[in-house]
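Student: I want to learn to read a pocket and a sheet from a model. Can we work through one together?

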Amino acid sequence: MQERDEQFMRQALLLAQQARETGEVPVGAVLVIEGEVMGRGYNSPVRRSDPTAHAEILALREAAGRIGNYRLDEATLYVTLEPCVMCAGALVYARVKRLVFGARDLRFGGVRAKFRLADSDLLNHRVEVVEGVLAAECLALLREFFAARRE
């Protein structure tokens, strides 16, 4: 499972690099069902003038559109940065089975760093959470992006 998780996280990292190239915070997401990529996204709220255009939301939208159902109960979402509260809520609402993320988001994390929304006992669905997959690479991309912006 770890090798497979790393394979899909590498695809999410490529998408995060695309976000960086457009001047967006470098976060990428890949949604997989039964080994097939069904949705992809990278952060683009600035470019789209859309505060909900996070990588995770875009991947969820694409996958739901492809299968014709908002419930993605057999899906695994791979994302380079821990989802925020909005995205964690969307994962629960879509009934995503599994979330695999790279780096924790110490400022806005809705899954581990600040809140534990995705697998909360208070909600009707709990997402299985795996963290730290290729975390060093995911974190390095974010650090490079923000260091360049401060120069």
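Student: How many nonpolar, polar and charged residues does the lining of the largest pocket have?

Tutor: Keep in mind that this model is predicted. The general idea comes first. Rolling a probe the size of a water molecule over the atoms shows where empty space is left. Here, the lining of the largest pocket has 13 nonpolar, three polar and nine charged residues.

Student: How much space lies in the largest pocket?

Tutor: About 650 Å³. The lining counts 25 residues, and those closest to the pocket centre are Val25, Leu81, Asp105, Phe108 and Phe146.

Student: Which helix gives the largest share of the lining?

Tutor: Helix α5, with seven residues. Both α5 (135-150) and α2 (45-48) supply at least two lining residues each.

Student: Now the sheet. What is the order of its strands?

Tutor: Again, the general idea first. Strands of a sheet pair through backbone hydrogen bonds, either parallel or antiparallel. In this model, five strands form an open sheet in the order β2-β1-β3-β4-β5, and the pairing is mixed.

Student: Which are the edge strands?

Tutor: Look for strands that pair on one side only: β2 (36-42) and β5 (128-131). From one strand to the next, the twist averages 15 degrees.

Student: In what sense do β1 and β2 pair?

Tutor: Antiparallel: β1 (residues 28-33) joins β2 over six bridges.

Note on methods
Residues numbered from 1 in each chain as written. Predicted model: local features only at pLDDT ≥ 70, side-chain atom pairs only at ≥ 80, totals over all residues. Heavy atoms only, no water. Pairing = 2+ DSSP bridges. Helix = DSSP H or I, 4+ residues; strand = E, 2+ residues; numbered from the N terminus. Axes fitted to C-alpha atoms, helices over the stretch in contact; angles between N-to-C directions. 1 Å grid on protein atoms, 1.4 Å probe; cavity = no way out; pocket = protein on both sides within 12 Å on 5 of 7 lines; lining within 4 Å. Points joined across faces, edges and corners; volume = space filled by probe spheres on them. Nonpolar A, V, L, I, M, F, W, Y, C, P; charged D, E, K, R; others polar.
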